[in-house]
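Q: Can you walk me through this one? I'd like to start with the charged pairs and then look at the backbone.

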Amino acid sequence: MPGIPGVTASTTALQGAPPQASPDGRPAITRRLAGVAEYVDRHIGWERVGRWPGLAVLLGLRSQLRAKNLVDTGPHPGPALPPATEADRAGRTVLGTYNATTDPAMGSVGSRFGRNMPGYVQPGSDADVLQPNPRLVSMRLLDRGDDFTPATTLNLLAAAWIQFEVHDWFNHRTIPAAEATECWEIERPPGDPVGDEPISIPRTPVLPPAGPGFGPAYESITTFWWDGSQIYGDNPAYSNAIRLPDGRIDLDETGLPPAATDALLDPNGSAPNFWVGLALIHSLFLREHNAICTRLAAAYPQMDPERRYTVARLINCALMAKIHTVDWTPAIIAHPTTVAALRGNWFGVLGEGVARRYGHVFGNEVLSGIPGSRTDFNDVAFSLTEEFVAIYRMHPLMPDEVTIRALADDEVIVTRTLSDLVMPDVRTRLADAPMADLLYTFGTANPGALDLHNYPVTLQNLRRPVGPPIDLATIDLVRVRERGVPRYNEFRRQLRLKPKKDFMDLTGDRRIADELESVYGDIERLDLMIGLYAEPRPAGFGFSDTAFRIFILMASRRLTCDRFLTEDFTSEVYTEVGMAWIRDNSMRSVLLRHFPTLAPALRDVPNPFAPWNVP
């Protein structure tokens, strides 16, 4: 097989990088301008200075964060890999290896999670993890009860989408409860409606430090790359089992891979969290893979089926990244400045029109967008971070029930509780209605708002096939504390934001401030997740401005570090047909390609993750 034109090695060798925040090698003028941006943000606020000045402030903040908030926890703990072959370099591998060809294991299954908080890399002590009692926090501050607060600017498809993406990006290695020898024992507070038996949560296994100066870290059991591993699989047995000889994916009548392949999924991975909302998006993008294969076969009849599969996966993954950047994220943070910033990440500040007509013409990510620019690690090996995981704890988006409605007339078909929609009943529930009706239901229903007192009751007493019920809210709090992510105020300090003086300074609402005071007593003890839910948000924002700072840094980093979205985002690698497919498609066109009867529901809807039309 000849060399693949356009497939280039990453330019920065990073193995053995020092265990510290990224060095500030920026030009002096860049440092000064970024410092001015940080000053303006701290004293005025990026959201208050207008769209274009605000965009300049966000670019300055990103520069500061890249220089000061990237912490390397060490190289992959596994054995060294041999140099990349042409096949390794031609496309995405099952385990995520050879994406960074100078460091073949970077970002692959088994990698260490990185950090965004210099100095905060130690696991939480017993006192840090257990106080205040996380189950008490769940009961007093998160319990939704019967009062569901909807996020009225979003649809339920938006909630399913972020879970779909999270399953692609990260998943910690954990120990099944039946095998755990070390557990966190959470005492149940007086009056706990579930009972008085303590909650036992297996501790996350800690990887030893990579060497002198490195801190302990935690292991991911999926790849960190934007590579569609949630649908393509992150183990060879599953990945091979779902493929057809012509490069397409084998789908049954539900639109999912045959049920027999489920046994090949990791029972300790994301599979137990599967539910109908995820199934819809899995099916949609598995169908999209097959549609891409069909188009490639027509355009390039001599293309080898293995190459067809590889290229179709590249195209599908790039399209997912584009949808997340220009569709989903602007829906959940719909401020005019952030919408411009996110579109700028993909198209550049010169805009989509210039990008469509001329492509990546300036070699500059700010002007022409990240796709097609140079691969840039900012001198720190790519990983996703514990802080990035922490800000994506968004379970309040989930409803406790879903009323399935008919696309034709909005008539109720059936109402299902959340517990009816999860594994192992997903395939049965997909038979409740045609998939177009299910997508219409998710397109017209609202998710929950990311607020206090809005955590799904079902997830606070989630019954599993084996073992006692679990409270995911308690587990969310324990995991953030356990992994050494700072509490809310220290989190802000590490991002060079003003800490809050007290609970009233945080919320501006006396009732909420008193509730927080009664549980925590001291603002310095406030959990990050609780602070993010309690914090007032900028106009159009579905999550907090504090969390947004990590997003500013990591949203672009997932693109700039991936050679398939930067240097190798070329027609030589993707084919001309593939580049056109990515350029010309969006979430709307994907939905309509596979379910054209959705057209009336989507007509004139500005964003497919906003509520759709009702007949």
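Predicted model: local features only at pLDDT ≥ 70, side-chain atom pairs only at ≥ 80, totals over all residues.

Q: Which residue does Glu387 pair with?
A: Glu387 meets Arg115 in a salt bridge, at 3.1 Å from N to O. Glu387 sits in helix H14 and Arg115 in the loop between helix H3 and H4, so the bridge ties together parts that are 272 residues apart in sequence.

Q: Are those two buried or exposed?
A: Glu387 and Arg115 are both buried.

Q: What about Glu482 and Arg479, how far apart are they in helix H18?
A: Glu482 and Arg479 are 3 residues apart in that helix, which means a separation of about one helical turn. Their side chains form a salt bridge at 3.1 Å, N to O, and both residues are buried.

Q: And what does Asp584 pair with?
A: Asp584 forms a salt bridge with Arg583, with the closest N and O atoms 3.3 Å apart. Asp584 counts as partly exposed because its relative accessibility is 42%; Arg583, at 36%, is also partly exposed.

Q: Which residues are joined into one network by shared partners?
A: Arg135, Arg188, Asp192 and Asp471 are linked that way through salt bridges.

Q: Where is Arg496, and what is its phi?
A: Arg496 lies in the loop between helix H19 (488-494) and H20. Its phi is near 65 degrees, a positive value in a residue other than glycine.

Q: Which peptide bonds are cis?
A: Among them are Gln131 to Pro132, with omega about -15 degrees, and Met423 to Pro424, with omega near 5 degrees. Pro132 is in the loop between helix H4 and helix H5, while Pro424 is in the loop between E4 and helix H15.

Q: Last one: which residues form the negative surface patch?
A: Asp502, Asp505, Glu517 and Asp522 form it. Asp505 is in helix H20 (residues 503-507) and counts as partly exposed at 33% relative accessibility.

Terms used:
Residues numbered from 1 in each chain as written. Heavy atoms only, no water. Patch = residues over 30% accessible without salt bridge, like charges linked within 9 Å, V, L, I, M, F, W, Y side chains within 5 Å. Areas by Shrake-Rupley, 256 points an atom, 1.4 Å probe, with all protein chains shown as cover. Salt bridge = Lys/Arg side-chain N within 4 Å of Asp/Glu carboxyl O. Lys, Arg positive; Asp, Glu negative; His and termini not counted. Charge placed at Lys NZ, Arg CZ, Asp CG, Glu CD. Helix = DSSP H or I, 4+ residues; strand = E, 2+ residues; numbered from the N terminus. Buried < 20%, exposed > 50% of the residue type's maximum accessible area, 1.4 Å probe, protein only.
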